[in-house]
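I set out to look up the open spaces in this structure and to note which parts of the chain line them.

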Amino acid sequence: MPTPSLASLPIRRLTLRDLAACADLSEDRGWPREEHKWGFLLTAGKGYGIDDPDGGLVTACVVTEYGPQDHPALAAIGMVLVAERHARQGVGRRLMHHVVSAMGTTPVTLHATPYGRPLYEELGFKVTGRAEMVCGPFTPGGPRPTVATRAATAEDLAAILRLDEQAFGTDRTHIVTRLPAFADQLRVAEEDGRVIGYTAAWPNMDTQVVGPLIARDTSVAQALIASLADHTDRPLRTDIDVRHTELLTWVKERGLASIAFNSVMSYGITELPGDWRRRFAPVTVAAG
């Protein structure tokens, strides 16, 4: 029987049962398998994909929604992948059209590589910011941050959620409450008994990804990163909003090197909600 055309293959919702197929798709495109991250995104968000009649997935992506469940305030698209054998045949464009249409009036954001940016611009996304990926062994140096930090406890959850919503601009309880199980570390910064910042470090291949990183100011962000580094022997990796020039300079002076730049793009809004001055790094670029 003839192989169905890509245009006729149905787009369906993905579940955790598709975890291995998603990881296979990542590997097919030269990405790490990242099963830990795929599992997190498929449970916290909605996966979409097209099955390959010959096995595996033709394409996949994940959408993470924020705010009220019946009327999300923001959605983030990530992990947009097309199998190498089906690349440059319009299937990625078709999937993105489907997802953006499914979002209706909900504003959408994503982090785009230089390779993916032309497709997203064609779909109507606009560049609203940039993030710089940095990675490397963290080497302490210079004056130690004086902000007090410690491991987060269950009693900190309410304060973390309040702080997170103020910085992010909408509720993401379903992300924050998954962090204790997803991350190796969850830490807070406090002043006079009040939480003024928090961060997590989660495992990704041979690194610890720092994110989210929410802090009152740069000095608090520095203290949180230093506290994470104190409790791991793995290199750190994170994606920092390029407007945080002081923090970027500080981490580079301590061993992290610039790896890549991504464009932060939005559809339906001219800028992201919340307070960028307190929002230093995402939990993962795939989730905004």
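**Pockets and their linings**

I began with the second largest pocket, which holds about 400 Å³ of space. I worked from a predicted model, in which local features need pLDDT of at least 70 and side-chain atom pairs count only at pLDDT 80 or more, while totals for chains, interfaces and linings use all residues. Residues are numbered from 1 along each chain as its sequence is written, and side-chain values use heavy atoms, with hydrogens and water left out.

I took a pocket as an open set of points on a 1 Å grid over the protein atoms alone, where a 1.4 Å probe fits, with protein on both sides within 12 Å along at least five of seven lines; lining residues have an atom within 4 Å of a point. A volume is the space filled by probe spheres set on the points, which are joined across faces, edges and corners.

For the second largest pocket I found 25 lining residues, with Asp241, Arg243, Val264, Leu272 and Arg279 nearest its centre. E6 (126-136) gives the largest share of this lining, 4 residues; strands (E) are DSSP runs of at least two residues, numbered from the N terminus.

I then turned to the largest pocket, with a volume of about 1,200 Å³. Among its 45 lining residues, Trp31, Val80, Leu81, Thr113 and Tyr115 are the closest to its centre. Strand E4 supplies the largest share of that lining, 6 residues, and I noted E4 as spanning 74-82.
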